[in-house]
Amino acid sequence: MKSIKRYLHRTITLTLLTGAGLAITAAYFTSQHEMDEMFDAELAKFSRIVSGLHQGRMDNLDYRRIARQLNQPKHPARYYTADGQLTPVDPTAEAQAVRYYDEERMISIGFWNSAGHPRVLDGEWHDNGPFPAPTESGYRWQEYDGQSWRVFSMPLPDDEGWISIGLRKKFERELARKIALSNTLPYVIAIPLLALLIGMLVLRGLQPLERLSRQVSRRHHKALDPITEQVPLELEPLREALNTFMSHLHTTLERERRFTSDAAHELRTPLASVKIHLDNARVADPEARQSLSKAYQGIERLQRVVEQLLTLARLEHTAAQRQERINLYPLAAQLAGELWPWADSRQQQLVIDGEQRIEVVGNATEIGVLIRNLLDNALRYSPPGTTVTLSLHHTTSHAILDVLDEGPGVPEDVLSKMTERFFRQNHQHMSGSGLGLSIVSTLARQQGAELSFFNREEGGLCARMAWPLTAPETPDPQAV
């Protein structure tokens with residue numbers, strides 16, 4: 001999916017460039033058209049002025065003088081006598097002292113007698129023979145020596161002949177290009193600045209969407225209260241859709257929570273009743289004790305599975321609990337004392353060693369469930385006559401709780417699957433539900449701790465919980 005910000009910036013900038021290109025093109029052709037009209041008017045005006053200054057019955061000396069004034073370096077004007085003979089014209093000292101411009105070569109002038117023979121021709125109009133004589137008054141396009149000329153012609157007074165003034169088409173086109181380029185320069189300077197301004201405006205325009213995204217991303221996954229962030233009119237449907245979705249999700253989760261609570265009561269009661277009746281039956285009928293003992297073990301396992309499933313359901317649908325600083329040693333000692341009778345019945349030893357003050361940030365109830373499940377798992381996997389050790393210590397960055405058993409260990413390829421639900425390593429002495437370590441993994445994530453397993457060199461498994469010494473605060477479920 002493309003970025004809206006990038007799409008808007010690119011599209012608006014390309015639109016601006018396209019508009020600038022069209023404007024420059026229009027300016028070029030408009031300038032060219034206006035210059036055509038302006039130059040046509042200038043040619044006609046100059047022709048009339050020169051014609052008005054023309055003295056009737058001009059002799060050869062007059063035309064020679066005009067030719068001398070039209071001389072240019074390397075492009076001398078040509079003078080013809082009345083009988084049509086070409087006579088060279090030497091520039092005078094005064095004419096040589098005049099400063100000439102290259103642009104003068106773009107404009108040429110010529111005089112012809114009434115018979116159409118040239119009298120004076122500008123240098124550019126005699127490089128490849130005499131320029132064609134006019135035949136009628138007005139404007140015309142004339143090709144000469146590979147150049148296209150815009151020419152205005154009119155008759156001289158007293159039927160003295162013709163005068164023509166011409167302008168190279170190349171000059172018009174170059175001038176039009178220069179005007180277009182001069183109009184382009186402001187765009188060249190302005191477009192990068194406008195692109196930067198457009199980027200800033202697009203970024204500012206999308207800020208409400210980014211604020212809404214940050215608000216949703218910072219919310220705790222169990223915080224389903226409505227979003228109250230003020231948004232533009234265009235984003236209100238999105239906000240309302242999110243609020244409606246969270247409202248429906250909250251209703252669904254609340255219904256599931258109530259079902260879990262009801263199921264806990266409805267499942268525990270009949271299981272406890274069946275267990276009591278099995279106890280009575282084992283005492284009343286000694287011959288059926290073996291079968292009843294197996295049934296009793298099955299009921300015990302079923303009861304544990306139900307309890308663990310209900311614990312998982314509560315953990316996944318309960319809001320984050322308040323956290324505080326907790327000393328792990330007293331909590332671990334209390335839980336070890338509660339499990340000691342069961343360990344003693346299995347001829348197992350339960351030992352606590354390490355530091356007696358290890359503080360972490362978390363919820364005491366959830367950490368208690370976590371430690372109890374680790375100890376329970378270690379006792380179930382360890383054979384009778386072994387020792388389960390709960391060790392507390394810390395490194396420079398973490399507080400460590402290790403639960404060490406002397407069981408058979410776990411194959412290396414199975415270590416990563418230990419926290420999967422209902423995963424059970426096939427050992428004959430194992431009677432677990434396959435859910436205890438899944439609960440531990442869920443609680444570890446909620447407490448901001450790291451759970452890991454590895455086999456001990458001396459035999460057995462080590463389950464390690466590591467809390468950061470500077471644990472971050474749990475995000476407020478209502479935070480936005």
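**Around W467**

Me: Which residues does W467 touch, leaving out those up to four places away in sequence?
Reply: W467 touches L328, V360, V361, I367, S397, H398, A399, L401, Q447 and A449. Keep in mind that this is a predicted model.

Me: Which members of the largest nonpolar core touch the most other members?
Reply: They are I371, L374, L401, M465 and W467, in a core of 39 residues.

Me: And which helices and strands each supply at least two residues of this core?
Reply: The helices are α8 (328-345), α9 (364-381) and α10 (436-446). The strands are β11 (387-394), β12 (398-404) and β14 (461-468).

Me: What lies apart from that core?
Reply: Another core, of 24 residues, and Y28, A44, V89 and F171 are among them.

Me: Changing topic: what is the strand order in the open sheet of 7 strands?
Reply: The order is β2-β1-β4-β3-β7-β6-β5, and the pairing is antiparallel. β2 (86-87) and β5 (138-144) are the edge strands, each pairing on one side only.

Me: How many bridges join β6 and β7?
Reply: There are 7 bridges between β6 (residues 147-155) and β7 (residues 162-168), in the antiparallel sense. M154, for instance, has I163 in β7 as its bridge partner.

Me: Which strands does helix α4 touch?
Reply: Helix α4 (residues 169-205) packs on the sheet and touches β5, β6 and β7. Its direction makes about 40 degrees with that of β7.

Me: Where does helix α2 lie?
Reply: Helix α2 (residues 60-70) lies across β1 (78-80), β2, β3 (107-112) and β4 (118-121). Helix α2 runs at about 25 degrees to β4.

Definitions and conventions: Residues numbered from 1 in each chain as written. Predicted model: local features only at pLDDT ≥ 70, side-chain atom pairs only at ≥ 80, totals over all residues. Heavy atoms only, no water. Pairing = 2+ DSSP bridges. Helix = DSSP H or I, 4+ residues; strand = E, 2+ residues; numbered from the N terminus. Contact = heavy atoms within 4.5 Å. Axes fitted to C-alpha atoms, helices over the stretch in contact; angles between N-to-C directions. Core = buried A, V, L, I, M, F, W, Y, C linked by side-chain atoms within 4.5 Å. Buried < 20%, exposed > 50% of the residue type's maximum accessible area, 1.4 Å probe, protein only.
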